[in-house]
Amino acid sequence: MIRCLFYSEFDNVVGPKIKYQVPPGYVSTTLFEKISDYIITKPDVCGKVISLIITESICSSWNESKEHVQSKNSSTVPVIVGCPVYIRSSRYHRNALLFNIAMVFVGSLEKRCIFTKALKKLAFLLTDFEISSKFLTSPEKQHRIPEILNQILHDLNNNYQCCISIDEQNTIYIKLVPEFSEPEDVLDHQVPVPLVQLNHLIISSEWDLSLQQVIPWIDGTNYVKKISQLSEVNIIYTKRALRHLLYYKFIK
């Protein structure tokens with residue numbers, strides 16, 4: 001789930017700073033100073049999603065418990081995910097506005113991917129609002145940002161969607177992809193059965209190498225350990241690939 005949403009920008013006097021966050025003070029000033037280079041970035045990185053895993057080395061600056069940061073379970077380790085934005089225009093000092101809308105997320109990788117897509121959409125929407133109506137920089141409008149962040153945080157965590165009217169022309173509408181239940185652990189003796197034409201999935205370059213190697217050996221008769229041996233993929237990575245396919249209901 002999302003633990004915190006924050007809006008940061010480059011201030012011409014103090015540099016990168018968090019301007020608004022909900023809940024207030026969740027990300028400390030000390031922590032932000034350590035990660036600010038990855039939040040307010042160079043223009044060539046803007047528009048891309050950046051994920052920062054909170055490690056023990058910066059745990060002292062973090063409001064999460066040290067137990068979570070030290071956990072070997074990746075689903076309990078806090079991750080900061082942001083989408084830096086660069087708007088070039090003569091209306092701004094130094095002819096540019098650099099900002100980021102970021103979240104602190106705790107949960108599985110699969111769930112984080114779903115929320116990350118929503119975060120990227122939010123960044124693009126805020127960019128459009130700023131270009132069309134100066135929503136982020138106008139004193140008459142920017143005071144609504146904390147209220148909007150708070151509603152997004154609540155609605156996405158509880159309803160998996162949000163709809164917020166900004167003005168007569170603009171609305172924030174975000175709906176998360178329907179959430180699948182977490183698959184159970186994959187055991188060595190189990191036999192995965194395809195529910196779709198898996199070979200068609202290999203065509204996509206978005207699948208990682210382990211998946212591409214494992215998929216050809218999933219035929220409804222090979223058991224997990226044998227698939228690992230035939231594909232020459234370590235059993236740990238084979239099981240991870242199969243859990244990924246289980247999550248999206250491509251196998252059972």
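**Close-up views of the predicted model**

**View 1. Surroundings of leucine 5.** Leucine 5 touches Tyr20, Gln21, Val22, Ala102, Met103, Leu119, Leu149, Ile152 and Leu153, with residues up to four places away in sequence left out of the list, and contact here means heavy atoms within 4.5 Å. The structure is a predicted model, in which local features need pLDDT of at least 70 and side-chain atom pairs count only at pLDDT 80 or more, while totals for chains, interfaces and linings use all residues. Residues are numbered from 1 along each chain as its sequence is written, and side-chain values use heavy atoms, with hydrogens and water left out.

View 2. Buried means under 20% relative accessible area and exposed over 50%, with partly exposed in between (1.4 Å probe, protein chains only). Helices (H or I, at least four residues) and strands (E, at least two) are DSSP runs, numbered from the N terminus.

View 3. Five strands form an open sheet in the order S2-S1-S5-S4-S3, with antiparallel pairing, where two strands pair if DSSP finds at least two bridges between them. Strand S2 (15-22) and strand S3 (50-53) stand at the edges with a single partner strand each, so one side of each has no neighbour in the sheet.

**View 4. Strand S5 and its two partners.** Strand S1 (residues 2-11) runs antiparallel to strand S5 (residues 96-105), and seven bridges join the two. Along this pairing, the bridge partner of cysteine 4 in S5 is valine 104, and serine 8 stands opposite asparagine 100. S4 and S5 also pair in the antiparallel sense, over 10 bridges, and asparagine 100 in S5 stands opposite proline 84 there. Nine of the 10 residues of S5 are buried, so this strand is largely enclosed by the rest of the structure.

View 5. In helix H1 (residues 29-39), the buried residues Leu31, Phe32, Ile35, Ser36 and Ile39 fall within an arc of 155 degrees when seen down the helix axis, so they line one face of H1; the arc is that of the directions from the helix axis to the C-beta atoms. The cover over these buried residues includes S1, S2, S3, S4 and S5, whereas Glu33 and Asp37 are exposed on the other side of H1.

**View 6. Arginine 144 in a loop.** Arginine 144 is found in the loop between helix H4 (139-142) and H5, and at 19% relative accessibility this residue counts as buried. Apart from neighbours within four places in sequence, arginine 144 is in contact with Ile164, Ser165 and Ile166. A polar atom of the arginine 144 side chain lies 3.2 Å from the backbone oxygen of serine 165, and the backbone oxygen of isoleucine 166 lies 2.9 Å from a polar atom of that side chain.

Key: Polar contact = N/O pair within 3.5 Å; in protein donor to acceptor, adjacent residues only side chain to side chain.
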